[in-house]
Amino acid sequence: MNNQPKLLDPSSIAPTRPKPRLSIGMPVYNGAKFIRDALNSLLGQSFTDFELIISDNASTDETEAICREYAAKDSRIRYIRQTHNMGAAANFKYVLDQAVAEYFMWAAADDVWDRDWIAALLPIAVENSCLAFGSIRTIDEVGNVISHPASNGTFTYSGSKLLRRLKYALEPNFLGKANPIYGIFPKKIISDDAMNILSSGLYAADTHFLYYILGKCNIKSTKEVFLYKRIHNVCSSNREYSDLDRAVANLRGYGVQSSILERILLVSLLPVAPLARLYGMFVQVKRYIAILKTRCF
């Protein structure tokens, strides 16, 4: 007589927890200084049906202790500590691969979000099958709002694939066009090809990633909610690029993934790269004026 217990097939067991509407991926390395603010902001969102996946890239500070403290208090958090530092791009891909929801959002461990960030943007992403984003306010190390060219901007790139990608390619980087990478995506549009671009090592690879995404869908932005993007010493880069260097680097990155028509248009527009910077300065002034009006009235 066989007295061995019958083992259940795990795949036959119904999940005890329904799939969330949104997965949030937070890649982090040595983020102890600001991660409490980020976690409090996300866990305090008015929309609550999400999972938060934190991938700790073998931090050497107090990041692990802080994350485990929060994970013990909130079941929406999944904390994974990597055994070695796999690099930033691989960590971005890791949290994406762990996500189970139909919609996905990356979250930086040093940023803060309006309480209704998800509640405002998820319906836009769902209804339009697009990447949904809000607007930007820039903060310093202690959370004070500071001036920055990207602040108070909207980042909408819509219309035909050709027009929205050209508009994106022509917009100067310093106006913050990389920021929508922290918006809400339909997860299915973030393909392996897109992630290969993000990890390519190209100058401003995040903008080339978004250029690829614009080949799949629109980016829609609203000023109803703000991401408070933190600027601090760890963010700074010592490398300087001329306008021509930036234009050539962008052209190379965009051109690889463009149609023949798009390549022709991009090459023909290269001589006007300095004018794009003048346009960016004009937009920057307009944003500053809008901010001043808000403060005065």
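This short talk describes the core, the strands, the aromatic rings and the salt bridges of one predicted model.

Good morning, colleagues. Residues are numbered from 1 along each chain as its sequence is written, and side-chain values use heavy atoms, with hydrogens and water left out. Because the model is predicted, local features need pLDDT of at least 70 and side-chain atom pairs count only at pLDDT 80 or more, whereas totals for chains, interfaces and linings use all residues.

I begin with the core. A nonpolar core here is a set of buried Ala, Val, Leu, Ile, Met, Phe, Trp, Tyr and Cys residues joined through side-chain atoms within 4.5 Å; buried means under 20% relative accessible area, exposed over 50%, and partly exposed in between, with a 1.4 Å probe and protein chains only. The largest such core has 72 residues, and those with the most contacts inside it are Met26, Leu52, Trp106 and Phe209. Its largest share, six residues, comes from helix α4, residues 117-128. Helices (H or I, at least four residues) and strands (E, at least two) are DSSP runs, numbered from the N terminus. Beyond its neighbours within four places in sequence, Met26 is in contact (heavy atoms within 4.5 Å) with residues including Ile35, Leu52, Val95 and Ala107.

Next, the aromatic rings. Rings of Phe, Tyr and Trp (its six-membered ring) pair if their centres lie within 6.5 Å; planes under 30 degrees apart count as stacked, over 60 as edge-to-face and the rest as tilted. The whole structure holds 10 aromatic pairs. One of them joins Trp106 and Phe185 edge-to-face, at 5.8 Å centre to centre and 80° between the planes. This pair links distant parts of the chain, since Trp106 lies in strand β4 and Phe185 in strand β8, 79 residues apart. Trp106 is buried at 0% relative accessibility, and Phe185 is likewise buried, at 0%. Ring pairs also link Phe92, Phe104, Trp106, Phe185 and Phe209 into a cluster.

I turn to strand β6, residues 131-139. Eight of its nine residues are buried. Two strands pair if DSSP finds at least two bridges between them. β6 pairs with strand β9 (residues 219-230) in the parallel sense over eight bridges, and with strand β7 (residues 145-146) in the antiparallel sense over two. Tyr228 in β9 is the bridge partner of Arg137, while Ile139 stands opposite Val145 in β7. Five residues separate β6 and β7 in a hairpin, where Gly143 in the turn has a positive phi of about 95°.

Finally, the salt bridges. Such a bridge is a side-chain nitrogen of Lys or Arg within 4 Å of a carboxyl oxygen of Asp or Glu, and the whole structure contains 12. How far apart are the closest N and O atoms of Arg36 and Glu69? They are 2.9 Å apart. Arg36 lies in helix α1 and Glu69 in helix α2, so this pair ties together parts 33 residues apart in sequence. Asp56 and Arg81 meet at 3.1 Å, N to O. Asp56 is buried at 0% relative accessibility, whereas Arg81 is partly exposed at 31%. Lys229 and Asp111 form a further salt bridge, their closest N and O atoms being 2.6 Å apart. Lys229 is in strand β9 and Asp111 in the loop between β4 and β5, 118 residues apart, and both are buried. Shared partners also join Asp56, Glu64, Arg68 and Arg81 into one salt-bridge network.

Thank you for your attention.
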